[in-house]
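Please read them alongside the sequence and the coordinates.

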Amino acid sequence: MAFPLLGRSSMRERNWSALVDALVFAAILAGIYAVLATVKYWMGVVTPAAHISRSPTALPVYAFYSLMRMGVAYVLSLAFAVAYGYIAANNRRVEMVMIAVLDILQSIPVLSFLPGVMLSMVALFPTRQLGVELGSIILIFTGQVWNMAFSFYSSLKSIPRELREAALINRFSAMQRFVELELPFGTIGLVWNSIVSVAGGWFFLMACEMFVLGNHDFRLPGLGSYLQTAASSGDTAGIVWGLAAMIAVIVLLDQLLWRPAIAWSEKFKMEQVESAAEVTSPILHLLRNSDVSRWIEKRAVAPLWERLTTSPPRVAPSKVARTSHRGRIVGAIALAALAVAVPYLLVKAALLLKGLHRAELVATLQAAGASFGRVAASLGIASLWAIPAGVAIGFNQRLAKVAQPLAQIAASVPATALFPVVLLGLVRLGGGLGVGSIVLMLLGTQWYILFNVIAGAMAIPTELREAAAVFRFTRWQRWRTLILPGIFPYLVTGLVTASGGAWNASIVAEYFHFQGKIMTTLGLGAQISSATDSGNSQLLLISTIVMAMLVVCVNRLVWRPLYHLAESRYRLDS
Amino acid sequence: MTPTEEPIIHARAIEKFYGPAEARIQVLAATDLSVYPGEILALLGPSGSGKSTMLRMLSGLASPSSGEVLWHGQPVVGPCPNVSIVFQSFALFPWLTVIENVEAPLKARGIAGAERTKRALHILDSVGLDGFEQAYPKELSGGMKQRVGFARALVVEPEVLFMDEPFSALDVLTAENLRSELLELWDGRKMPTRAVFIVTHNIEEAVTLADRVVVLGKNPGHVRTDFRIAMPRPRDHHDVHFLETVDYIYRVLTQPDLVPTPLPEPEAALAAPGAARAKYPMMPHARPGGIAGLLELLIDREGRDDIYHLADDLAFEIDDLLPIVEAASLLGYIHVKEGDAEITGEGKRFAEAGILRRKELFRVAAERVPLIRQINRALASKADHSMPADFFHDLLDEHFSDEEVERQLETAVTWGRYAELFDRDSSGRFFIPEETPQPAGDAAGVR
């Protein structure tokens, strides 16, 4: 009885794997074609202001172009993040400077990079599409790279001492140490930050694909420009089509890329025992069992791995202090270059700012105050609903099963894409952008708080909750002595991420092309956007400096002390 | 085997300190130590005596602040050419399989493909991990993980094998098992390693394994005793000589001021600077409440127990318990003999008394402690019954470091306050409180 059944099931398994092989093969071919098509398009004659069709049939091609841009920008970000983090973590002399620079770069909004990046790229490739495309890619890159670099750096700094010593005593080469210790240790952080970064990339896609720079009009074919065109001409059907396409791409990416990546990265957890709840991904499972990917693994990955990790045979044990010599020379050259470049740029910036009117400065500070208020308000509103909801979900297994996937889908919808819809509603109700921008910030940031609170609530040990029940804590007492301290470290993480997101969102939220006109409100974001539009580099520079200073100050004065508090007093482990 | 042979590793006056010259924190005082071929050397000492620092300097992981480490007579920079370490936390790479973990050091030495796999499989087989090659560390039990740790250390055929408390993260039975397997490999000459250096806090483990035991003292770390154990292995834990050796090490560890009398044919102990200094009886830093607690525990155990077991049962670090034991012994509440603590009649009375009675009893007992007695007499002889703290500082500072003087006085005040003998005011001045009760009988009469 069991025999034929067994036979059939193994047969089906076979067919499956053949199908998977065919799919993997097709995917590789499609990938090669995509690269060729992209290259052809990029190498073509430049059309900085392409005509954007509002027909839904144009969407697949637009989605493809946007995806290519995002993909290239992401690969660049990954490479940069790993290199930057590695250098900062392994060179004590430059570490402090590199981390401070990262802190500042992180606080500069994407749009502030726009003029410089765009003009230099166009100057570099004046006749090819490549110039404009690279400009857009680098803009997307500046929106996603910093937190990834920071994550990799802090992963490297937190490698347990004994693991480092194990590599040292066995005299791993720098490459072996990187491939077998440092990179694996940083992988989980990189994967999670990649997800956050790419989500941020979608957020800014509209700004990165279509913008005005002085009297230049840049329009690159893509989902972002499609949505923006549809929004500014008030084409509701177009908005819905564009939104649908974007959500489809995001959901596909989530299933085909991020979930397998998360499931794969479980392998790099630093846990002593196997955890019960592992993330699973059917796609990853199928990939692992396909012959094509096995072949690739065996023929390409394994030999490469072998090459990277195995040192050349040693005749005599090598002594140290040769590479550090070379490192010193490189360091000296870099230092000299910095010593020339930094004062030069400072003088240029100072000259530029000299022409600034007092009134403009006052206006900038007022705008900063307005944006600051909006960011604070959006964080407050988000916390008000997300903390109770997150705790309820985290404490209730059954609720969590239903609510978590729903929230994840809701979170993956980019706020900018929804914004036209929200704005339409607000305009009908008679509200302005002053309130509308808070709503947009909320759309983008509340999820960080919610997810972190859920994670925090789940991490509170059952014994503590039972103790609270046994001692008959009142509701207030339960919140004060158990729940709030328990979720505190997670809440701080969520708030930090959310506030970063809110500042970035202010750029898009406070200044909007809509139905043929520009909607704007008082705010630093609006000022940066309009300065970019009108090519006013003085105003752009001063607004950027004010925003960066504001963000860095808030980081130093508010978030960092809270982090310390969370790390020292409110830790539940150990 | 003989010390006349050339050492593999020779540390010459190595020191470890941190911080600038004016506020230097000395971890390890200048120390000489050698690792000879053919020996298992066990390094013991209380926490904070620099055991781990010593291991890291000898293996070349860390460089000494001053002095030098010689490998076959040559100074080393970076890790010693042919050593490995077995770590307390195993330090396996969780993303590599068992065999990949074991192959990693071979890769670093440039050994390719088939040869590497062959060696790794061979060593896995010899530590009993046959069949687990493709498992990930997280799928293994603690004991199995440490076997991987051993395999990874042994696969490069190290000349010296370092072990940093390798068994302390394992349960008792597993640790016992691994220890005897290690000895089997060593005594059966199944591993090419020429010397083993093990850091441990477990005295019995040291006596079970070692050919030579070095005990470190602390503040700063220095060698207190260094001797050989000539018993054949496997060693019987009930053997008289075994027990004597355990008790001897025990006594050295429990009495930080004792200049160890060489018991079992010791090698010349390398006297540490300052070791001879502390002749003045030191006050152990224990609180009266802690002493009472210990006595109550002893009563529960029919009045006596092995201190070592007591610490084990309480999951105490032994050097956390020792000051309490010493204090109780100083007060005449317990008798300590060869590692056993036995409660005295006086101790029993103290433990069973109520709080007021306890204070009275403690007052009498504390008179036996020289420092308490001296402070009390000095205060009583003054008309205003008070003295500046500097007076007592001067009394002590030729015997102890500044820091230790402060700790001594701190403890004396804690005891004096409990006994209601004397106290210290906010300016640091010592005084006898106004309502200090007269001798015990009168006080009882008044109330």
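**Notes on the surface patch and the interface**

1. A:Trp295 lies in helix 11 of chain A. In this predicted model, A:Trp295 counts as exposed because its relative accessibility is 57%, where the threshold for that class is over 50%.

2. A:Trp295 also belongs to a nonpolar patch on the surface, which it forms with A:Phe25, A:Ile28, A:Leu29, A:Ile32, A:Leu36, A:Ile296 and A:Val301, and the accessible area of these residues together is about 800 Å². Two elements of chain A, helix 1 (2-43) and helix 11 (291-309), each give two or more residues to this patch, and helix 1 gives the most, with 5 residues.

3. Turning to the interface, the contact takes 35 residues from chain A and 36 residues from chain B. Between the two chains an area of about 3100 Å² is buried, with carbon and sulfur atoms giving 56% of it. On the side of chain B, the residues that lose the most area to chain A are B:Trp95, B:Lys107 and B:Lys138, which together account for 26% of what that side buries.

4. As for polar interactions, the count of salt bridges between chain B and chain A is 3, and 8 residue pairs are found in polar contact across the interface, both residues being at pLDDT 80 or more. A salt bridge joins the side chains of A:Glu165 and B:Arg56, at 2.6 Å from N to O.

5. The side of chain B that touches chain A draws two or more residues from each of helix 1 (51-59), strand 6 (83-86), helix 2 (98-108), helix 3 (113-126) and helix 4 (142-154) of chain B. Helix 2 of chain B provides the largest share of that side, 4 residues.

Methods. Residues numbered from 1 in each chain as written. Chains lettered and ligands numbered in written order. Predicted model: local features only at pLDDT ≥ 70, side-chain atom pairs only at ≥ 80, totals over all residues. Heavy atoms only, no water. Patch = residues over 30% accessible without salt bridge, like charges linked within 9 Å, V, L, I, M, F, W, Y side chains within 5 Å. Areas by Shrake-Rupley, 256 points an atom, 1.4 Å probe, with all protein chains shown as cover. Salt bridge = Lys/Arg side-chain N within 4 Å of Asp/Glu carboxyl O. Buried < 20%, exposed > 50% of the residue type's maximum accessible area, 1.4 Å probe, protein only. Contact = heavy atoms within 4.5 Å. Buried area = accessible area lost by both parts, 1.4 Å probe. Polar contact = N/O pair within 3.5 Å; in protein donor to acceptor, adjacent residues only side chain to side chain.
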